[in-house]
Amino acid sequence: LDRAYNEIKYRIITCRYRPGEVLSEASISTELKIGRTPIHQAIHRLMMDDLISILPRKGVMVRPVSIDEAMEIIGVRLITECYFTRFTAERADESELQRLQEILDASEQPTKTRDVERLMLLDREFHDTLARAARNKVLADTLRNLHERSLRFWFISLRDPDHHHRVLAQHRAIVEALKSRKPEAAERAIHSSLLDVSIE
């Protein structure tokens with residue numbers, strides 16, 4: 001089930017399954033070489049994540065991308081991520097700070113080559129690591145869902161090469177604030193990062 005869920009979700013957030021596209025469980029099963037039962041269960045899970053809609057007698061539709069929805073998600077993230085990043089600055093252990101640094105280092109080359117898919121996955125891991133380091137599982141799970149819903153919009157619209165360089169610089173500022181154990185600076189840095197996405 002986890003493999004089916006992760007494979008389908010990956011194709012949704014990288015827009016291989018396009019927003020508004022109607023798919024059948026049979027076609028997904030054939031493409032992924034996974035049985036119909038785990039595909040069916042994964043689709044229901046993705047429906048709960050608001051990434052898929054089930055259309056009676058038609059199939060499965062990848063939920064369209066809405067600018068209004070993207071802005072609403074960013075609005076919620078501005079409140080929640082700024083809140084939890086303060087805790088991350090106080091609670092993150094050295095292995096988590098090291099992992100964040102490794103993600104930054106791994107982002108250098110794809111930023112130069114504009115490898116959007118690779119950058120998107122690194123961005124997901126960066127924010128997921130931040131959330132888990134705040135030591136609040138409920139909040140981390142909620143933020144993971146919000147972030148993955150917004151990734152499709154990021155993947156489609158944020159093609160400005162300067163944006164990717166800004167993201168890397170902003171992520172570096174966040175990590176420096178965390179390493180210095182400065183909650184206010186970490187909050188300001190992530191606020192600037194999220195606001196930059198919202199005004200693209």
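**Stop one: the open pocket**

Start with α7, which gives four residues, the largest share, to the lining of the largest pocket. Helices here are DSSP runs of H or I, at least four residues long, numbered from the N terminus. Before you click on, note that this is a predicted model, where local features need pLDDT of at least 70, side-chain atom pairs count only at pLDDT 80 or more, and totals for chains, interfaces and linings use all residues. Residues are numbered from 1 along each chain as its sequence is written, and side-chain values use heavy atoms, without hydrogens and water.

Now select Y5, N6, K9, R45, D49, R124, D141, R144, N145 and E148: that's the lining of the largest pocket. Two elements give two or more residues to this lining: α1 (2-13) and α7 (137-157). Colour the set by type and you get seven charged, two polar and one nonpolar (Asp, Glu, Lys and Arg are charged; Ala, Val, Leu, Ile, Met, Phe, Trp, Tyr, Cys and Pro nonpolar; the others, Gly among them, polar). The space in the pocket is about 200 Å³, a volume being what is filled by probe spheres set on grid points joined across faces, edges and corners.

On a 1 Å grid over the protein atoms alone, a pocket is an open set of points with protein on both sides within 12 Å along at least five of seven lines, a cavity is a set where a 1.4 Å probe fits but cannot get out, and lining residues have an atom within 4 Å of a point.

Next, show α5 (94-113), α6 (116-133) and α8 (161-179), each supplying at least two of the lining residues.
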